[in-house]
Structure formats: structure tokens, C-alpha cells
Amino acid sequence: MFTFDEDRSKFPEKNPDGTNKIDLESGRFTQIWQGPVHPGMTGNMAVELIVQGDEIMSCKTHVGYLHRGFEKLMERRRFIQCLPICVRICVPEPDFNEYCLCSTVEELSGIEVPDAALWMRTLLLEMARLQSYLVWLGGIGGALGMGVVGQWTTYARDLILDRFEEITGGRIYHMHMMPGGVRSLTPEGFEKRMTENLDEIMPILEDTRTTMFQNSVFKTRTVGVGYIDPNMVNQYGITGPNARAAGILRDVRVEYPYLKYGELDFEPSLGKDSDIYTRAWVRYQDTLTSIDLIRQIIAKMPKKGPFMADVPNVLH
């Protein structure tokens, strides 16, 4: 008759160096792979596990090589040919990479970008930030058991991708910025459609607030968990919402205003508890800020005017 011995003082068996004693040839252990996970979450990471029953005896991470070697690829190409490469460095928020590439070329070449193009770039970047935050909110909601939040935010994000497609022809990768400016300004009626989309997203975010941030399970799994000491922010180069959740302002739009952010009225959200809940709440507040910034941009940006500097054909 089977009996269960609750004495676990000798389990698992240890090697002299303190590591778990594992013998795959004994048949008592199983080697399995978890992943690789989708690269949109943590990168192309897989976990090599050795288990005994339902207990993990060994765990090794393998980060893989997807999304690597971009610099080497770009070394062999002209600037214009690098745009389709640089946007793929960050799939959820690619527009910032194309802006960094274009602004670097412009600074090196002394190209002066027209005012309308600066406003257009600001609009594109804030739209990119908004849809990226919507992905993030849905991601943490789904990870903590609230899949409905992910469904809501996915729909809201699709509304923003509709507007990206209207401007650029693409939903994820846009390459709308070029060294010297942008490919075009907003089409006729865009401001009205964008405003309607933002109005539709607002109640979705309110539902997200009440469903997720007031949920006892969400609070139990996030409040006081994953604390980051504010003293670590500078030491480890922590930026953005993770730094601001610790009460330290880190926002390049404010600290080093670029494009037209210096002409917009906003204050980055700050927290103080520096745990998972606070970092999520800061991102939620940032989402609302992005919506307000988009409203300001479409109200201030010119509807006509030059949007591309007089630059030579870089392919010649």
C-alpha cells in the first residue's frame, strides 16, 4: 500500500556544492522546455526546466537571438534603407525609433525640419505611446486573471491603429517620418475621427480602472510586491514610469523637451510606493495624459504648409 512520507528534510538531494543532485539517466527527472514565449512579451526567451514530479529542480533561461544584430544590418545600408529595420527593434512602439534615426540624420546633416512636420511627428509619437500603453494595460490585466481588460484595451488600441492606417497606410510599422520631415500631414476629416475615437476610449479606460485597479485580487498580487528602492533609480538606470512610480521624475518630454512637447501643457504622473500596483497606476495615468496631449496637438497643429525640407534624393 502506498504511503506518503512527509519528511522532506533530505529532499531534494544535494551535491557537495549545494546544487540539486540531478541524474537524468535515472528516470526520476524530466527535462522540458517552457517557451519560447512570444517576443512581444519578454523577448524571445525560453526556459529549460528539469522537474521531479511537480517540483522544479533546475531552471536555465535562454534569451535567443531574435531582434538582435540590427546595428550590423544598418551598417551596410543607406539611411533611407534603415527605416524598415529600425522600427522593428520595438514592435509595440516602433515610431520612436524612426524618429530617433531621422533626427540623428538631420542633426548630422544640418537639415531644418518644417514646423508642420514637427507637429505631425509629435502627433505620431503620442499616438504610438497611447496604443502601446493600451497593450500594456491589457497585458497586465490578462496576466493577473482579468482577460476582459485585455479584450477592452485591444479594441481601444485598434481604434488608434485605424487612425495610423489612415495616415500612413500601415497599422504597426509606419515609416511615415523621413529625414527632413514627414510623408504627409493628416487627411481631411482626421481630427473629427480621432476625437470620436478618443471619446470612445475614455469609458473603456474608466471600466478598466474600476475592474482592475479596484479589484481585491489585483491589489493582493501587486500592492507591496516588487518594491524598487528609489535609491536604485539612478544606480541602475531606471527610467520612465518605473522611476516615476518611485517618486522620481523621469520623462524626456519634460526634462529635455523635443519636437513640440515644450508647447504642450501636461505634467507626468508620479507615485511614491514604488510597487507593481503603483507602476501600473502611473501607466494608467500616462494613458489619460496621452489622450489629453493628442487633443492638444490636433487643436494646435497646422493643417497645411510644407512638411518636408528640400533634401537630395538619398538613393542617388
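What follows is a conversation about the predicted model shown above.

Reader: What does the secondary structure of the protein chain come to?

Author: In this predicted model, the protein chain has 12 helices and 5 strands. Its C-alpha trace spans about 85 × 50 × 35 Å along the principal axes, and 42% of the 316 residues are buried.

Reader: And what about the accessible surface, how much of that belongs to carbon and sulfur atoms?

Author: The accessible surface of the protein chain is about 17,600 Å², and carbon and sulfur atoms account for 54% of that area.

Reader: Let's go inside, then. How many residues has the largest nonpolar core, and which have the most contacts inside it?

Author: The largest nonpolar core holds 63 residues, and Leu123, Met127 and Phe218 are the ones with the most contacts inside it. Several elements give two or more residues to this core, among them helix H4 (95-109), helix H5 (115-143), helix H6 (147-168), helix H7 (190-213), helix H12 (276-300) and strand S4 (177-178).

Reader: Which of them gives the most?

Author: That is H5, which contributes 13 residues to this core. As general background, nonpolar side chains in soluble globular proteins tend to be buried together.

Reader: What is leucine 123 in contact with, leaving aside its neighbours within four places in sequence?

Author: Once those neighbours within four places are set aside, leucine 123 is in contact with Thr186, Phe190, Ile294, Ile297, Ile298 and Met301. There is also a second, separate core of 5 residues, which includes Ile228, Val233, Ala243 and Ala246.

Reader: Phe190 is also in H7, I think. Which other residues of that helix are buried?

Author: Besides Phe190, the buried residues in H7 are Glu191, Met194, Asn197, Leu198, Ile201, Ile204, Leu205, Thr208, Met212 and Phe213. The cover over the buried residues of H7 includes H5, H6, helix H8 (216-222) and H12.

Reader: How far does H7 reach from its first C-alpha to its last?

Author: H7 has 24 residues and reaches 33 Å between those two atoms, which is close to the 34 Å expected at 1.5 Å a residue.

Reader: Then H6: what should its 22 residues span, and what covers its buried residues?

Author: At 1.5 Å a residue H6 should span 32 Å, and its end C-alpha atoms are 31 Å apart, so the two values agree. The cover over its buried residues includes H4, H5 and H7, and those buried residues include Arg157 and Arg163 as well as Leu159, Ile160 and Phe164.

Reader: Changing topic, where are methionine 175 and serine 274, with their positive phi?

Author: Methionine 175 lies in the loop between H6 and S4, and its phi is near 45 degrees, a positive value in a residue other than glycine. Serine 274 is in the loop between H11 and H12, with a positive phi of about 60 degrees although it is not a glycine.

Reader: One last thing, which residues make the nonpolar surface patch?

Author: Leu249, Val254 and Leu270 make a nonpolar surface patch of about 230 Å², and leucine 270 is found in the loop between helix H11 (252-255) and H12.

Methods:
Residues are numbered from 1 along each chain as its sequence is written. This is a predicted model: local features need pLDDT of at least 70, side-chain atom pairs count only at pLDDT 80 or more; totals for chains, interfaces and linings use all residues. Side-chain values use heavy atoms; hydrogens and water are left out. A nonpolar core is a set of buried Ala, Val, Leu, Ile, Met, Phe, Trp, Tyr and Cys residues joined through side-chain atoms within 4.5 Å. Buried means under 20% relative accessible area, exposed over 50%, partly exposed in between (1.4 Å probe, protein chains only). Helices (H or I, at least four residues) and strands (E, at least two) are DSSP runs, numbered from the N terminus. Contact means heavy atoms within 4.5 Å. The expected span of a helix is 1.5 Å times one less than its number of residues. Patches are made of residues with over 30% relative accessible area and no salt bridge: like charges are joined within 9 Å, nonpolar side chains (Val, Leu, Ile, Met, Phe, Trp, Tyr) within 5 Å. Accessible areas come from the Shrake-Rupley method with a 1.4 Å probe; for residues, only the protein chains shown count as cover. A salt bridge is a side-chain nitrogen of Lys or Arg within 4 Å of a carboxyl oxygen of Asp or Glu.
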